[in-house]
Amino acid sequence: MTSETEILSRLETLNAIGVALSHERDLATLLERILEAARDFADADGGTLYLREGDSLRFEVLRNDSLGYFMGGRHGKPIQFPPIPLHREDGSGNDSMVVVHAALSGQTINIADAYTAEGYDFSGTRAFDAKTGYRSQSFLTVPMKDHDGQVIGVLQLINAKGPDGRILVFEPAIQQLVESLASQAAIALNNRRLIDQLETLFEALINLINTAIDEKSPYTGGHCERVPALTTLLADAVARTKAGPLADFDMSEADRYELKIAGLLHDCGKITTPVHVVDKATKLQTLFDRIELVDTRFEVLKRDAEIALLKGELDQAAYDARLSQLDADREAVRQANTGGEFLGDDRIAALQRIAAHTWRGPDGSEQPFLSAEELDNLCIRRGTLNNAEREIINHHITMTIRLLEALPWPKHLRNVPEYAGGHHERMDGKGYPRGLTREQMSVQARVMGIADIFEALTASDRPYKPGKTLSESLTILGRMKLDHHVDPDLFDVFLREKVYLEYAERFLPAEQIDRVDWSKIPGVSPELAAELNRRDA
């Protein structure tokens, strides 16, 4: 018999376990702890925890010391047993099985010896014993009920052990303790499920926002998916780093979840950005690419040259030279329109010369070949956006911060606005929208800044540029390190821990994953370059 002192000790343990269960965030770990606590109370050789799923009981955790079974939960091997149906095909209860009877009746079943018990089908148990050499004797089967009295699972213990190793019946005092544990566990489990459902709903709402952005712009939608993934990869790599200036950085599971949410929401402000700006593929694009109008004007000039030839105003040589020049000018405008390369002063001067042409419009009047607005757009030195459009794009981060700061974040997500709103800041304070310096930003926000840039450089689904190779992207990122745009310590971790390569293998096509000569990458010290080249050899 269990002494009063032992019972009091186990009651204290029960209270401690109840507190521990209420704080456990991981469902698989929670289920594992419930079963192990029940086995400890009862000195049970084995046990199984089932969860109710629809009209069946699903094996979640299974332990047996004598047989060496360690299955399910967070740390055990996967359980391959099929779920146990609660009802037969004719609709009658399958309650000849003791676990099913406990689930359907909501009553605890305490059996001294399965081989002599009446009213239950233990044929499967006997067959199992015959196969393994085990002797299943005493059973304690306890339903787990939530706060509404609904059975959400069953806790079954097998073979209570005495001090001398003999198999005993589960005592009434022990049964009460296990029932109390099952009740606390069911509430903790139900709370965990409710929290998981709320988190799932929350993430679904975030995905709804990103889907809305995706419908406006498939390019931005892909970005909202890939940046969180790269952010997590780099943050995990930093947490693994145990030397250097980032050695003290660490993340719990709650920290990782907070950063994940921030990554998913980092561009939510783009829901307010006009599509024609987000997806501006060429410099002359509005609702359509106005390069077609410019092409038409070139054709008019070529027609005018042909008329001049027929009238004798031009000889053949002058006519041929005129056509050649017009074709060259048209190609220069077309190349400038793509925005793929940096536009130097010589090319801008050529565009200004072309703009000075005149052509006879549909009404017969002489008109400038390029309007002032068209010339300004074609003379954009990098990318496809003019200053006004870039301001519109930049405003999305202000909107992101405004939207996120307006939400009543719980304590474990309170840093989401700071992480999400800082990815366009620079280490030297020249970023936007707040002009923060490196010291004013969290590591997580700086991590997201690198992730945002590298994803944009390598992305192959942008309408205005092809995706760059690894070596091209790392060269640009290295220059940005030297320019105090990105965090230098995070840049080194990004390379040393192969974060760039892990991301590339998951998200980039093979043709973009080229070999990198680290001695040619800006911002990489000679020592690090030598180390990386040796590693890649």
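**Close-up 1. Cys 268 and Cys 379, two buried cysteines in a predicted model.** Cys 268 has a relative accessibility of 4%, so this residue falls in the buried class, which takes in everything under 20%. Cys 379 comes out at 17%, and because that value is also under 20%, Cys 379 counts as buried too. As for sulfur bridges, searching the whole structure turns up 0 disulfides. A disulfide, for the record, is a covalent bond joining the sulfur atoms of two cysteines.

**Close-up 2. The second largest pocket, at about 710 Å³.** Here 26 residues make up the lining, and those closest to the centre of this pocket are Tyr 50, Phe 59, Gly 124, Thr 125 and Phe 128. Which elements give two or more residues to the lining? They're strand 1 (44-53), strand 2 (56-64), strand 7 (151-161), helix 3 (98-105) and helix 4 (123-132). Sort the pocket lining by class and you get 15 nonpolar residues, 9 polar ones and 2 charged ones.

**Close-up 3. The largest cavity, at about 60 Å³.** How does the lining of the largest cavity split by class, and how many residues are charged? There are 3 charged residues, alongside 6 nonpolar and 4 polar ones.

Methods. Residues are numbered from 1 along each chain as its sequence is written. This is a predicted model: local features need pLDDT of at least 70, side-chain atom pairs count only at pLDDT 80 or more; totals for chains, interfaces and linings use all residues. Side-chain values use heavy atoms; hydrogens and water are left out. A disulfide is a pair of cysteine sulfur atoms within 2.5 Å. Buried means under 20% relative accessible area, exposed over 50%, partly exposed in between (1.4 Å probe, protein chains only). On a 1 Å grid over the protein atoms alone, a cavity is a set of points where a 1.4 Å probe fits but cannot get out, and a pocket is an open set with protein on both sides within 12 Å along at least five of seven lines; lining residues have an atom within 4 Å of a point. Grid points are joined across faces, edges and corners, and a volume is the space filled by probe spheres set on the points. Helices (H or I, at least four residues) and strands (E, at least two) are DSSP runs, numbered from the N terminus. Ala, Val, Leu, Ile, Met, Phe, Trp, Tyr, Cys and Pro count as nonpolar, Asp, Glu, Lys and Arg as charged, and the others, Gly among them, as polar.
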